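My notes follow as numbered points, to be read alongside the model.

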Amino acid sequence: MYDPTVARLTYRALLGRRRALILGALPLLLIVLSVAVRALTGADDQTAADVLGGFAIATMVPIIGVIAGTGAIGPEIDDGSVVYLLSKPLKRPAIIFTKLIVAIAVTMVFSAVPTLIAGLILNGNGQQIAVAYTVAALVSSIAYSALFLLLGTVSRHAVVFGLVYALVWEALFGSLVPGARTLSVQQWSLAVAHKIAGGDLVTSQVSLTTATVLLVVVTVLATWYAGQKLRTLKLAGEE
Amino acid sequence: MSTLTIDHVSRWFGNVVAVNDITMTIGPGVTGLLGPNGAGKSTLINMMGGFLAPSTGTVTLDGQPVWRNEKIYQHIGIVPEREAMYDFLTGREFVVANAELHGLGAKAAQKALATVEMEYAQDRRIATYSKGMRQRVKMASALVHDPSLLLLDEPFNGMDPRQRMQLMELLRTMGDEGRTVLFSSHILEEVEQLARHIEVVVAGRHAASGDFRKIRRLMTDRPHRYLVRSSDDRALAAALIADPSTAGIEVDMTEGALRIQAVDFGRFTALLPKVARDHGIRLLTVSPSDESLESVFSYLVAA
Ligand SMILES: Nc1ncnc2c1ncn2[C@@H]1O[C@H](COP(=O)(O)OP(=O)(O)OP(=O)(O)O)[C@@H](O)[C@H]1O
Ligand SMILES: [Mg+2]
């Protein structure tokens with residue numbers, strides 16, 4: 001399934017200079033923020049949970065997921081260079097699967113690693129907060145990558161839709177509208193984090209079972225469907 | 001030896017009919033797909049390459065369907081019209097990647113780069129390449145796996161005359177080796193120079209098919225039309241009609257001009273200025289009213 005050449009091309013496209021800068025900006029902001037908070041308020045569990053939950057998990061991870069997930073395939077489809085992959089005796093689902101792995105790896109590196117560092121800075125992993133949120137970042141990296149890779153395969157405006165989803169749905173509705181909370185990657189990953197941290201510093205609106213099932217179903221379905229879409233992708237002309 | 005069979009293929013986009021019930025067979029050797037802009041060449045080539053489903057009809061390569069059949073790409077090499085091609089790679093990296101995707105190694109890539117004479121620039125980033133260099137690297141990527149069918153969409157676009165000659169030579173060799181080579185172009189001269197066989201497509205329809213002599217004849221054995229304005233249209237008309245190269249003259253009152261039909265192109269173009277000079281008439285406008293490619297083609301369709 002995994003094709004190392006497709007992976008190499010995808011990594012190089014994703015980690016090109018400009019995109020890497022965008023990918024690095026939010027993690028840097030998170031760490032600067034954490035240093036500032038720690039310096040101003042000292043180590044505090046609640047503050048650590050607020051920063052990691054409110055910024056890292058609610059905003060940074062989905063945005064990195066959008067950039068990596070849609071960026072793993074969208075630009076190639078837009079500019080037509082995907083034709084060099086499609087004109088090969090490769091199974092379409094294998095192309096998608098490989099790109100998913102790459103998107104997950106990139107999202108994890110740019111979101112989970114800074115989350116862990118920020119957590120350690122904020123309260124030295126007291127109450128397991130740093131580790132719990134890091135695991136949440138890892139888990140949601142998988143689901144976001146799959147969702148946004150699908151979006152990048154089916155839509156030319158994937159980045160816009162992705163950002164709207166990440167910012168409006170996950171960050172805003174997710175905390176306001178009860179129904180939206182069940183259908184939120186963020187809440188699913190928090191359910192896993194809650195299991196690790198225990199206590200009530202890290203909480204989720206959904207149970208661990210529901211969260212696990214939804215995470216697996218969404219990831220698998222999105223990946224399968226993207227593979228199907230790529231099989232019948234029509235390459236438009238120049239216009 | 002491969003044969004590509006296009007059987008009653010149509011393709012529409014919304015209510016635009018891009019390809020209209022085309023049936024043709026492309027065999028070994030070089031075939032030119034000729035047609036004006038928007039004729040449907042790219043749409044047809046995309047269907048031949050399995051990147052677009054025909055709305056109706058089928059495309060098969062030696063009996064195998066090309067749509068939704070990725071195995072077929074072991075036999076097909078594609079040179080797309082679009083420019084984009086992983087600009088962040090070097091030419092060599094790009095061709096090696098294409099070889100690997102076919103399950104081949106760097107050796108096959110190097111051979112393809114040598115074939116298109118791009119070794120000298122293979123370690124530069126594609127972003128720095130000229131249009132002709134890009135075209136040749138695309139060509140190398142299409143050749144790595146030694147395909148029996150080669151599809152090229154407007155391969156000569158943006159090439160200088162020398163690069164054009166080189167690519168023509170290369171395609172000719174491929175055709176002589178028994179490969180099936182199909183390229184599209186909207187320039188008759190280009191197609192004539194290279195293609196053993198020509199398929200003409202106009203407005204989505206299959207307009208003509210044959211060797212270049214046949215296509216030429218269809219295009220030249222016909223009256224040429226000119227729109228002429230002069231200081232004395234009537235005197236000019238009277239003088240011209242006496243010559244056998246002039247088949248008909250019409251005085252267009254509304255335009256204030258002459259509409260002249262000439263049967264012998266060479267003779268008429270020499271005659272007109274001479275007659276004008278002899279009679280002391282000044283020529284104000286001489287414009288071929290149907291020399292544009294479109295009208296040449298529409299003549300073909302009507303024929
Ligand atoms: N994806 C698409 N959506 C809508 N219309 C399309 C699409 N692709 C092509 N067309 C239309 O189909 C017709 C044929 O287009 P096509 O690109 O195949 O022509 P062409 O012969 O390759 O032209 P050119 O010489 O300009 O490359 C045109 O009218 C074009 O506008
Ligand atoms: Mg075209």
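Is R134(B) buried or exposed? R134(B) is buried, at a relative accessible area of 9%; buried means under 20% relative accessible area, exposed over 50%, and partly exposed in between (1.4 Å probe, protein chains only).

1. A word on conventions. This is a predicted model, in which local features need pLDDT of at least 70 and side-chain atom pairs count only at pLDDT 80 or more, while totals for chains, interfaces and linings use all residues. Residues are numbered from 1 along each chain as its sequence is written, chains are lettered from A and ligands numbered from 1 in the order in which they are written, and side-chain values use heavy atoms, with hydrogens and water left out.

2. Staying with R134(B), this residue lies in helix α4 (residues 131-143) of chain B; helices (H or I, at least four residues) and strands (E, at least two) are DSSP runs, numbered from the N terminus. A polar atom of the R134(B) side chain is 3.3 Å from the backbone oxygen of E83(B). That makes a polar contact, meaning a pair of N or O atoms within 3.5 Å; within protein, one must be able to donate a hydrogen and the other to accept it, and residues adjacent in sequence count only if both atoms are side-chain atoms. Leaving aside residues up to four places away in sequence, R134(B) touches E83(B), M85(B), D87(B), I126(B), A127(B) and Y129(B), where contact means heavy atoms within 4.5 Å.

3. Now the overall picture of chain B. Ten helices and 14 strands are found in chain B, and its C-alpha trace spans about 75 × 45 × 35 Å along the principal axes. Of its 303 residues, 52% count as buried. Chain B exposes about 13,200 Å², with carbon and sulfur atoms supplying 52% of that; accessible areas come from the Shrake-Rupley method with a 1.4 Å probe, and for residues only the protein chains shown count as cover. Among contacts in chain B between residues at least 6 apart in sequence, 67% join residues at least 24 apart.

4. Ligand 1 is surrounded by 13 residues, the closest being G38(B), G40(B), K41(B), S42(B) and T43(B); a residue is near a molecule if one of its heavy atoms lies within 4 Å of it. The site is shared between chains, because the residues around ligand 1 come from chains A and B. Helix α1 (residues 41-48) of chain B gives the largest share of this shell, three residues. By type, the shell divides into five nonpolar, five polar and three charged residues (Ala, Val, Leu, Ile, Met, Phe, Trp, Tyr, Cys and Pro count as nonpolar, Asp, Glu, Lys and Arg as charged, and the others, Gly among them, as polar).

5. Which atoms lie within polar reach of ligand 1? A backbone N or O atom of G38(B) is 2.7 Å from an oxygen atom of the ligand. For N37(B), a side-chain N or O atom is 2.9 Å from a ligand oxygen atom, and for E81(B), a polar side-chain atom is 3.2 Å from one. Taken alone, ligand 1 exposes 630 Å², and the protein buries 71% of that.

6. L44(B), found in helix α1, is buried, with a relative accessible area of 1%. Its contacts, not counting residues up to four places away in sequence, are V19(B), I22(B), M24(B), L33(B) and V201(B). L284(B), in strand β14 (residues 283-288), is exposed, with a relative accessible area of 53%. L284(B) touches R229(B), S230(B) and S231(B), on the same exclusion of residues up to four places away. L284(B) and S230(B) are 54 residues apart in sequence and 4.8 Å apart in space, C-alpha to C-alpha.

7. Last, the sheet. In chain B, four strands form an open antiparallel sheet in the order β2-β1-β4-β5; two strands pair if DSSP finds at least two bridges between them. β2 (16-26) and β5 (64-65) stand at the edges with a single partner strand each, so one side of each is left without a neighbour in the sheet. Five bridges join β1 (residues 4-13) to β4(B), with L4(B) opposite L61(B). Two bridges join β4 (residues 56-61) to β5(B): P65(B) is the bridge partner of T60(B), and Q64(B) that of L61(B). β4(B) and β5(B) form a hairpin with two residues between them, and D62(B) in the turn has a positive phi of about 45°.
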